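Here are some friendly notes to read with the structure open beside you. Take the points in order, and find each residue on screen as you go.

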Amino acid sequence: MEILLFGIINSVTLSLTALGFTLVYSISRLPNFAHGALYVTGGYIVWLCVNALGMNYFAGIAVGIAATAIIGALMYRLIIQRIRGMQISEIIATYAIGLAIIEGLRWGGLRGSTFTLPSFLAGSMKIGGIAVDNQRLFVLGFGVVVFAALGLFVKYTKTGLALKAIAQDEGSAMMLGIDSDRKALVSFALGSGLSAFAAVLILPLGSIVVETGYNVLIYSIAVSIIGGLGSWGGAIVASFIIGFAQLLTEVFLSTQYQMVISLLAIIVTLLLKPSGIFGKQKELDDRV
Amino acid sequence: MGKGFGKTVWTVLFLALFVVGHSGIAAAAEPPIVIGAPLATAFLYGWDAERGIKLAVEEINAAGGVNVGGKKRPFAVEVIDTRDLEPGVPVSEALLGMEKLILEKKADFIVGGPVRSEAALAAMDLLSKYKKVSILTTGVLTPAYQKKVAGNYDKYKYCFRITSHVGVMANELIAYLGEIKKGHGFNKVYIMVQDVEHARKGGEYMKKLLGDKGWEVVDMKVYPTGTTDYSVGLRDAAQKKTDILFLWMDMPESSILLKQWSTMKLRALPVGFVNAAEQPGFWKATGGKGEYLIVDLVNGGNAPAKITPWTMKFANAYEKRWGLEPEGYGTSSSYMAVYTLKEAIEKAGTIESGAVVAALENVDLMGVYGRIRFDKKSHQVIPSLDPAEGAVTSIVQWQKGKRVQVFPPKTAEGKTLLPPWMK
């Protein structure tokens, strides 16, 4: 019961942290290596709004998410757009931006472990005799809502459909008048906003520290590679695979190898099915 | 009276001004004694030392400076960020920083770091090469440091350490746990450590010592840095009816562990070395769920306490200067290092390294955390559980938002409390 419960909670948490990265890649084929940095930035902006500016928590959250989305959009517009299509440059540029943001935050005062966000739900409840933080249950519930909302957005809104079209076939989408650059900008903004949203849900469990940015990036890459680059469904499935794999490693092997499992999963996936569980991209490229 | 008289008056006035002005300038022109501080300033174990050093320097300068052979000289501090606590930063970066302090910033003495043990051990050769007296005040928990000095005294005699190390800390923790064992009949320990070398080795050493003292160590878990869920380990500890949860972690995620411990109302008292709990902001950061955690602050004075008459004087001065209570474990030791250095320079009458080394070896000063003396062979500060005899530790328990000193007995201001669900 404990494995099932915490496995589900940890898996949903993992998929939330990776969602922004997956979204950006699926639409614009751009690996946003600044994803972890944006996650921390979003959380820190909310903290500043609440603690330095005295704003209401929910207003601070709105500002934090919006500001992070704008940062993502500016990143794309000012830097990434110029090197779009040059894959190595895209990776280097986004990674460098991420590093600059993280170290800039550290230099600017985000140090120590006392920067925290309040939980949405205090206390705990017992499920099957196991005490669980209400905040973790909140993350679980809200995570499911976010996935559903994203699914509806992509299926029933004009922008969502345009993003989906680009993800499927950029050339055809452009022929139909969909502005690829504009949609890539939107995807960057949306992905960045999602990373901030994930931060707001998850960071109340601990504290806001810059090192979290590196961990979030590693897990996002692991989830995306295993699930299939660009596949949202794949990312969710991969999150569950990694989440449960880590928990089972902890229970039956050793806590020490939790991180190793994610990295090992990347290697195994690349060896057995390089396109990932639900990825099709590599196979098509190979055939062509 | 003519031109000649006017010329004479101006000449006399000019000379008078020159003499008066020159003597004033000469009095203020004593060059400062430069303290070089190689520290990982973006981390708690760097900025805690920086603040301690700067506070001491400001106080000493305000009181007139250091008496060096009859002349008063101020201290000046040059801090360099060695980044040696950042993941992936090689030891060579810290050594480059140290060399820059010595060659470019002309540091006369080195106080503070490097902070990582590997970097500090590597820096000893540099200090020997340039004959720079160094007092380590933060980080560097390895006992290998003083062993290296004792093993090759002539080469490493310039190296001193005024902060504790894992060998001393472990024995102090064992002594403290022995008291709790007697008082509450506890017997089972569950060890949870971070997957970094000092924590793993600390955990292994504690496991051995606990076993020797009759404790049953039911398990030891090693967690990778960045772990955000400790539920499995905590449940396991509960099922094994653990009495003590021994922790050794300096990652911020340890606050998540404490929150989960509190949520689960685990019937085990958390004790150990927890970086996140060394800061006054820990209480707010955990929403009060860190209450009852017992944490080793390594050196006394890193939380307000009445260890010696100087301790609260220091704590109040620190709070006035920096806006919060002392934090980390390198604060009081860094502060005392500067005063100890002052004492040694004044006794030696010079800043020449050889003379200062000899003076430091004979220093005997009642400081913030007890009597400050160095072992003459290893240059390690002499520890004790009695502040009248040596440097004491500070083991505190978080009670109602405050860090209350509960060990050693001669300095304790409160008793160890159990959470209500453990009574």
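1. **A word before starting.** Please keep in mind that this is a predicted model. The angles and distances in these notes are computed from that predicted model.

2. **Chain B as a whole.** Let us begin with the overall picture. Chain B has 14 helices and 16 strands, and its C-alpha trace spans about 105 × 45 × 40 Å along the principal axes. Of its 423 residues, 52% count as buried.

3. **Two domains in chain B.** The domain assignment divides chain B into domain 1 (33-164 + 306-372) and domain 2 (167-297 + 393-422). The centres of domain 1 and domain 2 of chain B, taken over C-alpha atoms, are separated by 29 Å. Where they meet, 12 residues of domain 1 of chain B are in contact with 12 residues of domain 2 of chain B.

4. **The largest nonpolar core.** Which residues have the most contacts inside the largest nonpolar core? They are Ile35(B), Val111(B), Leu245(B) and Val338(B), in a core of 203 residues. Helix 8 (residues 180-202) of chain A gives the most to this core, with 14 residues. Domain 1 and domain 2 of chain B both give residues to the core, so it lies between them. For a closer look, pick Leu245(B): leaving out residues up to four places away in sequence, it touches Tyr190(B), Met192(B), Ala237(B), Trp261(B), Ala268(B), Leu269(B) and Pro270(B).

5. **Helix 1 of chain A.** This helix covers residues 2-28, and its 27 residues should span 39 Å at 1.5 Å a residue; the end C-alpha atoms are 39 Å apart, which agrees. Helix 1 of chain A also bends by about 40 degrees at Ala18(A). Why can we call helix 1 of chain A largely enclosed by the rest of the structure? Because 21 of its 27 residues are buried. Just after helix 1 of chain A comes Arg29(A), with a positive phi of about 55 degrees.

6. **Helix 4 of chain A.** Residues 87-107 form this helix of 21 residues, which reaches 30 Å from its first C-alpha to its last, close to the 30 Å expected. Its buried residues include Glu90(A), Thr94(A), Ile97(A), Gly98(A), Ile101(A) and Ile102(A). They cover an arc of only 125 degrees around the axis, which puts them on the same side of helix 4 of chain A. An α-helix has 3.6 residues a turn, so residues three or four places apart point the same way. The face turned away from the buried side of helix 4 of chain A carries the exposed residues Ile88(A) and Ala100(A). Helix 2 (35-51), helix 3 (57-78) and helix 9 (211-227) of chain A are among what covers the buried residues.

7. **Helix 12 of chain B.** In helix 12 of chain B, Trp310(B), Thr311(B), Phe314(B), Ala315(B) and Tyr318(B) are buried. Seen down the axis, the buried residues of helix 12 of chain B fall within an arc of 135 degrees, so they line one face of the helix. On the other side, Pro309(B), Lys313(B), Asn316(B) and Lys320(B) are exposed. After helix 12 of chain B comes Gly323(B), with a positive phi near 80 degrees.

8. Is Lys241(B) buried or exposed? Lys241(B) is exposed, with 12 other C-beta atoms within 10 Å, and its phi is near 55 degrees. Tyr292(B) has a positive phi of about 80 degrees although it is not a glycine; it is buried, with 21 other C-beta atoms within 10 Å.

9. **Two cis peptide bonds.** Gly113(B) and Pro114(B) are joined by a cis peptide bond, with omega about 10 degrees. Pro114(B) sits in the loop between strand 5 (109-112) and helix 4 (117-130) of chain B. The peptide bond from Phe407(B) to Pro408(B) is also cis, with omega near 5 degrees, and Pro408(B) is in the segment after strand 16 (402-407) of chain B.

Methods: Residues are numbered from 1 along each chain as its sequence is written. Chains are lettered from A and ligands numbered from 1 in the order in which they are written. This is a predicted model: local features need pLDDT of at least 70, side-chain atom pairs count only at pLDDT 80 or more; totals for chains, interfaces and linings use all residues. Helices (H or I, at least four residues) and strands (E, at least two) are DSSP runs, numbered from the N terminus. The expected span of a helix is 1.5 Å times one less than its number of residues. A residue is buried if 20 or more other C-beta atoms lie within 10 Å of its own, exposed if 12 or fewer, and partly exposed in between; C-beta atoms are placed from the backbone. The arc is that of the directions from the helix axis to the C-beta atoms. Two residues are in contact if their C-beta atoms, placed from the backbone, lie within 7 Å. A nonpolar core is a set of buried Ala, Val, Leu, Ile, Met, Phe, Trp, Tyr and Cys residues joined through C-beta atoms within 7 Å. Domain bounds come from an automatic or database domain assignment. The bend at a residue is the angle between axes fitted to the seven residues ending there and the seven starting there.
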